[in-house]
Amino acid sequence: MKIVVIGGTGLIGSKLVKKLGEHGHEAVAAAPNTGVNTLTGEGLAEVLKGAQVVIDVSNSPSFEREAVMKFFQTSTGNLLAAEAAAGVGHHVAVSIVGTERMPENGYFAAKIAQEKLIEKSGIPFSLVHSTQFFEFARGIADEGTIDGKVHIAPVLFQPIAGDDVAQAVGRTAVGTPLNGRIEIAGPTQYKMDEFFRKALAAWGDTREVVVDPQARYFGSVLGERSLVPGDGAQLGTITYKDWLDQSNAK
């Protein structure tokens, strides 16, 4: 199949293009640096010619509330219109576990708006809700740092490796459209503060992890299960230790 990956040069997108290509599909990376811009519509009609599936793993360059909402509404609207014109039969989008539990979070609100556009488009679709990526752990720790200490809420946390995300998304893309969602997560569930205490030690990072029930997660106060999937989630196979060992070996 011809599968166009929007955001195909990014973290997950590049992995998807490689994995899909290895399985014999014509996987096309579409991004501003390949001449495709979903915000302006540039290059969309051309890249979607003959495509059966579109996977959207693009991300907003700004996380500011109004900017991220504008990005997802504009880019998704343009993309869906171009897909309808091209006769694309399956739209796959990656979202985040727990978006509906934290609608006050500007980024999550924008992802909810994106999903509503997809659901109303009339194009068969699949939504893949993922937990946080291992690759973002350092950014989460930095975001929670106050006066040199990492403030983390003692809630459940089940991050996943980017390779496992790409595998789940790719499998979904070549399957029958769900017209609904699946949830994916890593193989191990932790208390978030315990995960970061071990992670910082593994990084050789001397910052202290402080248990703080009111610690903000990118602006949101977390409940016990805000960041973890419900029953029936698809679980990856790569543990954080194995991922870190592999990353350090590169």
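## Reading helices and sheets in a predicted model

Biologist: How are two packed helices described?

Modeller: Two packed helices are described by the angle between their axes and by the distance between those axes.

Biologist: Which residues of H3 and H4 meet?

Modeller: From H3 come Arg65, Val68, Met69, Phe72, Gln73, Thr76, Gly77 and Leu80. On the H4 side, they meet Gly106, Tyr107, Ala109, Ala110, Lys111, Ala113, Gln114, Leu117 and Ile118. By type, the residues of this contact of H3 with H4 are ten nonpolar, five polar and two charged.

Biologist: Let me try another pair. At what angle do H1 and H6 cross?

Modeller: Helix H1 (residues 11-22) and helix H6 (residues 162-173) have axes that cross at roughly 55° and come within 9 Å. That angle makes H1 oblique to H6. H1 passes H6 in a right-handed crossing.

Biologist: And which residues make the contact of H1 and H6?

Modeller: H1 contributes Ile12, Lys15, Leu16, Lys19 and Leu20. H6 contributes Gly162, Asp163, Val165, Ala166, Gln167, Val169 and Gly170. In the contact of H1 with H6, six residues are nonpolar, three polar and three charged.

Biologist: Now the sheets, please. In what order do the seven strands of the open sheet lie?

Modeller: Read across this open sheet, the order is E2-E1-E3-E4-E5-E9-E14, and the pairing is parallel. Strand E2 (26-30) and strand E14 (234-235) are the edge strands, each pairing on one side only.

Biologist: How many bridges join E1 to E3?

Modeller: Four bridges join strand E1 (residues 2-6) to strand E3 (residues 53-56), and the two run parallel. To find one of these in the structure, look at Val4, whose bridge partner in E3 is Val54.

Biologist: What is the pairing in the open sheet of three strands?

Modeller: The pairing there is mixed, with the strands in the order E6-E7-E11. Strand E6 (145-146) and strand E11 (209-211) stand at the edges with a single partner strand each, so one side of each has no neighbour in the sheet. Strand E7 (residues 149-152) runs parallel to E11, and three bridges join them. In E11, Val211 is the bridge partner of Ile152.

Biologist: Which helix packs on that sheet?

Modeller: Helix H7 (residues 192-203) does, touching E7 and E11. The direction of H7 makes about 170° with that of E11.

Biologist: Finally, the whole chain. How many helices and strands does the chain have?

Modeller: The chain has eight helices and 14 strands. Its radius of gyration is 18 Å, close to the 18 Å that the globule rule gives for 250 residues, so the chain is as compact as a globular protein of that length. Along its principal axes, the C-alpha trace spans about 55 × 40 × 35 Å.

Note on methods:
Residues numbered from 1 in each chain as written. Predicted model: local features only at pLDDT ≥ 70, side-chain atom pairs only at ≥ 80, totals over all residues. Heavy atoms only, no water. Axes fitted to C-alpha atoms, helices over the stretch in contact; angles between N-to-C directions. Parallel < 35°, antiparallel > 145°, perpendicular 65-115°, else oblique. Left-handed = near helix turned anticlockwise from the far one by under 90°. Contact = heavy atoms within 4.5 Å. Nonpolar A, V, L, I, M, F, W, Y, C, P; charged D, E, K, R; others polar. Pairing = 2+ DSSP bridges. Rg over C-alpha atoms; globule rule 2.2 N^0.38 Å.
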